[in-house]
Amino acid sequence: VGIVSLLLVCLVSVVAMVLVNEARRRADALANSNEILAKKEKDARREGLLRFRKARDSVDTWLTGTSEAMKHYPGVQEVREYLLAEAAKDYEWFAEQVSTDVGQETERGRAYLRLGDVYRELGKMGAAEAAYLSAKTLSEGLASSHPEIPDCQLELANSLIRLGLSL
């Protein structure tokens with residue numbers, strides 16, 4: 001009976017060891033898979049932010065930049081106002097893109113600032129003030145929750161300056 005008990009204990013120990021090793025192997029594989037997925041998610045977020053910035057920069061360059069160049073030419077004011085109105089639509093869309101990513105939210109605040117600038121150029125001072133106030137509110141939240149990120153503080157300052165100029 002002693003030998004049978006000893007063999008049974010050895011058998012149970014070997015089976016337990018095999019099961020524990022298999023569980024460890026699966027856990028390591030899952031951890032590795034999670035690291036890969038986390039890296040892919042981080043890369044995708046970075047790519048999304050870069051594309052968002054590129055799209056906003058395009059609106060800055062082509063619509064508002066062209067509009068600024070046309071500002072002093074007679075006979076093109078209707079086209080200028082049309083371009084500014086189109087830019088306002090794009091900035092409104094950018095400002096509506098809520099995210100949990102700090103960089104994306106900072107860009108959203110910048111979109112509100114540019115929207116205010118466009119409204120100011122169109123003579124819509126009430127709408128400009130509302131856009132600047134939205135930028136301020138968003139930037140205050142980001143600056144208080146992320147004091148270690150200089151861009152958050154900078155955009156808060158920019159929104160306060162623009163809001164002050166619109167009053």
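Contact here means that heavy atoms lie within 4.5 Å of each other. The legends below describe close-up views of a predicted model.

View 1. Leu138 belongs to helix H4. Its relative accessible area is 13%, so Leu138 counts as buried, the cut-off for burial being under 20%. Setting aside residues up to four places away in sequence, Leu138 touches Glu105, Arg108, Gly109 and Tyr112. Leu138 and Thr106 are 32 residues apart along the chain, yet their C-alpha atoms are separated by 8.2 Å.

**View 2. Glu105, a buried residue of helix H3.** Glu105 is found in helix H3. With a relative accessible area of 8%, Glu105 is buried. Residues up to four places away in sequence are again not counted: Glu105 touches Leu138 and Leu142, together with Gln97, Val98 and Ser99.

**View 3. The largest nonpolar core.** This core comprises 26 residues. The members that touch the most others are Val59, Ala87, Tyr91, Phe94, Leu115 and Val118. At least two residues of the core come from each of helix H1 (2–70), helix H2 (77–95), helix H3 (102–121), helix H4 (125–145) and helix H5 (150–166). In soluble globular proteins, nonpolar side chains tend to be buried together. Ala87 illustrates the packing: apart from neighbours within four places in sequence, Ala87 is in contact with Val59, Leu63, Thr64 and Val118.

View 4. Helix H2 consists of 19 residues and spans 26 Å from its first C-alpha to its last, close to the 27 Å expected at 1.5 Å a residue. Its buried residues are Arg80, Leu83, Leu84, Ala87, Ala88, Tyr91, Phe94 and Ala95. Seen down the axis of H2, these residues fall within an arc of 150°, and therefore they line one face of the helix. An α-helix has 3.6 residues a turn, so residues three or four places apart point the same way. The buried residues of H2 pack against H1 and H3. On the face turned away from the buried side, H2 carries the exposed residues Glu78, Tyr82 and Lys89.

**View 5. Cys10 and Cys152.** The structure holds zero disulfides. Cys10 has a relative accessible area of 41% and is partly exposed, whereas Cys152, at 1% relative accessibility, counts as buried.

Key: Residues numbered from 1 in each chain as written. Predicted model: local features only at pLDDT ≥ 70, side-chain atom pairs only at ≥ 80, totals over all residues. Heavy atoms only, no water. Core = buried A, V, L, I, M, F, W, Y, C linked by side-chain atoms within 4.5 Å. Buried < 20%, exposed > 50% of the residue type's maximum accessible area, 1.4 Å probe, protein only. Helix = DSSP H or I, 4+ residues; strand = E, 2+ residues; numbered from the N terminus. Expected span 1.5 Å × (residues − 1). Arc of directions from axis to C-beta. Disulfide = S-S within 2.5 Å.
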